[in-house]
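Look at the model below. Then follow its core and its charged pairs.

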Amino acid sequence: MLVSIYRYNPEKDEAPTMQDYEIEMPAGKDLMVLDVLNLVKERDSSVSYRRSCREGVCGSDGMNINGKNGLACITPVSEATKGKNDKLILRPLPGMPVIRDLVIDMGLFYKQYESIKPYLDNNTPAPAIERLQSPEDRAKLDGLYECILCACCSTSCPSFWWNPDKFVGPAGLLQAYRFLADTRDTSTDERLANLDDPFSVFRCRGIMNCVNVCPKGLNPTRAIGHIRGMLLQREI
Amino acid sequence: MVASISNLGRSGLYDWVIQRITAVILAVYTLFLLGFLIAHPDLQYSDWQELFACTPMKIASLLALVSLCAHGWVGMWTIATDYLKSTGIRFLFLLVVAAFVFVYLVWGIDILWGA
């Protein structure tokens, strides 16, 4: 199978190029994209990419696979190449500075994540045991806490491409709502006040690219809608 | 929290609400005009003038005009802050948009309420 990989070493190369590799695929097996990358790496050890858990938990190997962001370790080659002439094209996640080949600088992504204060804030005295929640309150966090911060969503979002320094992005906003929805958190007002500007939340145009690519099947657009609803309720 | 001095409503929420309310007003106004055109297949200039001469229609048209200006400004401001990265060019672009919006508003009021 033909595998085309984005190659760029800013220290040496003037411009990025696509390099092709012809990879012999084992018969009768549907490999994951990461397995194919590992086969390429055996042939050319200079190809760089991030990987760790190889089972869709760590979120390290987010990349653009045949035009769609996803995790290489849980994307089967058959699915990635469906209707694409059996060719695998791998590029780094779009819109972020490339450190080398498929490795991007996630600095701005983490800065935005940090800006929403991704931790429980409770100003009441700490109880002797954990702060308990009812099963109903706990259920409100389902579909939010599962995010692994792979950045597939934020880097597929044009609003994040144009304003990564001002728009929090779908991943950050999903986590922002995760803490807004948490009954144990007492900083709801401060959290909302921090988001009530024209960029942080409201730069989302609701095109749902984030929902389309999330490898965990989460829905940041819905979370953003909930945040807007909370901001509106606070003002009316 | 990102500060901005050039958006319409001073906060993202205000801009967002303004854009949605004005969109509904413009949709209703457009649908009414479309309905009027469909209901009057042999439309004459006198019918058209009569429609716009009555006070409720003047009020509705003015509301639609103001909505269009607000809606347009929020939209153009969003486009400018997305795509125009040079502060100077963005400022100039927004100045031109503001001038157009103002001219259209005054001109529209003159057409509606002028002699």
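The paragraphs below take the nonpolar cores and then the salt bridges.

This is a predicted model: local features need pLDDT of at least 70, side-chain atom pairs count only at pLDDT 80 or more, and totals for chains, interfaces and linings use all residues. Residues are numbered from 1 along each chain as its sequence is written, chains are lettered from A and ligands numbered from 1 in the order in which they are written, and side-chain values use heavy atoms, without hydrogens and water.

Start with the largest nonpolar core, which has 67 residues. A nonpolar core is a set of buried Ala, Val, Leu, Ile, Met, Phe, Trp, Tyr and Cys residues joined through side-chain atoms within 4.5 Å. Buried means under 20% relative accessible area, exposed over 50%, and partly exposed in between (1.4 Å probe, protein chains only). Among the residues with the most contacts inside this core are A:V3, A:L90 and A:I227. Another core lies apart from it and has seven residues, including B:L33 and B:F36.

Now turn to charge. Side chains of opposite charge can pair when their charged atoms come close. A salt bridge is a side-chain nitrogen of Lys or Arg within 4 Å of a carboxyl oxygen of Asp or Glu. The whole structure holds 11 of them over all chains.

Take A:D44 and A:R7, whose closest N and O atoms are 3.2 Å apart. A:D44 is buried at 15% relative accessible area, and A:R7 is buried at 10%. A:R178 and A:D182 also form a salt bridge, at 2.9 Å from N to O. Both of these residues, A:R178 and A:D182, are buried.
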